[in-house]
Amino acid sequence: MKPTAWFVDFFRKSNLPHLKNFNLTRTRGFTLIELLIVIAILGILAAAVLVAIDPGKRTRQANDAKRKNDIGSLATELQGYYTSPGAGVYPASLEVLTAQGYLKTMPLDPTANTPYVYDIRSADTAEAAVGATLNSPTNTTGTWMWCWKSTTNLVTEVTTGTCTL
């Protein structure tokens with residue numbers, strides 16, 4: 001007797017007339033309808049997860065994190081150049097930092113692959129500013145930049161156009 005034979009015999013011998021002729025033998029596997037329902041549910045869940053994660057937003061935030069890190073590195077090296085013996089001025093361009101060994105490579109904007117904005121006071125080069133436009137700023141109105149200014153020695157989020165001297 002099969003392990004489930006007692007189950008079949010129980011229903012066939014029971015006094016419930018609607019269960020006497022009930023076929024309890026079932027083939028293995030899932031029906032096409034069951035498979036389609038499971039696939040539909042998984043599709044709905046996958047769509048909900050993609051909406052919740054928003055990979056485009058995460059990419060913009062990652063690019064902004066790289067920009068902020070690069071601006072911080074440039075600010076540190078600009079300060080190092082300024083305070084090196086005999087200098088007392090900021091370089092005329094950012095390329096000087098790589099030429100003189102302050103940086104191994106010049107950091108570039110992750111999406112545009114261009115150098116960051118660099119501004120110096122042309123009269124004496126005693127003041128400098130470096131910045132990058134953010135894709136996902138904390139303030140959502142307008143265009144914002146991550147900017148370091150030598151006059152304040154702070155890195156802050158400012159509106160575009162104010163990262164100059």
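1. Contact here means heavy atoms within 4.5 Å. By that rule, and not counting residues up to four places away in sequence, Asp 70 touches Pro 107, Leu 108 and Tyr 116. Asp 70 sits in helix α4; helices (H or I, at least four residues) and strands (E, at least two) are DSSP runs, numbered from the N terminus. With 8% relative accessibility, Asp 70 counts as buried (under 20% relative accessible area; exposed is over 50% and partly exposed in between, with a 1.4 Å probe and protein chains only).

2. A word on the basis: this is a predicted model, where local features need pLDDT of at least 70 and side-chain atom pairs count only at pLDDT 80 or more, while totals for chains, interfaces and linings use all residues. Residues are numbered from 1 along each chain as its sequence is written, and side-chain values use heavy atoms, with hydrogens and water left out.

3. Leu 94 deserves a look of its own. Leaving aside neighbours within four places in sequence, Leu 94 is in contact with Leu 74, Leu 78, Met 106, Tyr 116, Tyr 118 and Val 130.

4. Glu 77 is also placed in helix α4. Not counting residues up to four places away in sequence, Glu 77 touches Leu 97, Tyr 102 and Leu 103.

5. On to the aromatic rings. There are three aromatic pairs, taking rings of Phe, Tyr and Trp (its six-membered ring) with centres within 6.5 Å; planes under 30 degrees apart count as stacked, over 60 as edge-to-face and the rest as tilted. Tyr 81 and Tyr 102 have ring centres 5.5 Å apart and planes at 65°, so this pair is edge-to-face. Because Tyr 81 lies in helix α4 and Tyr 102 in the loop between α5 (95–99) and β1 (117–120), the pair ties together parts 21 residues apart in sequence. Tyr 81 is buried, at 13% relative accessible area, whereas Tyr 102 is partly exposed, at 24%.

6. Tyr 82 and Tyr 90 are stacked, since their ring centres are 4.5 Å apart and their planes at 20°. Ring pairs link Tyr 82, Tyr 90 and Trp 148 into a cluster.
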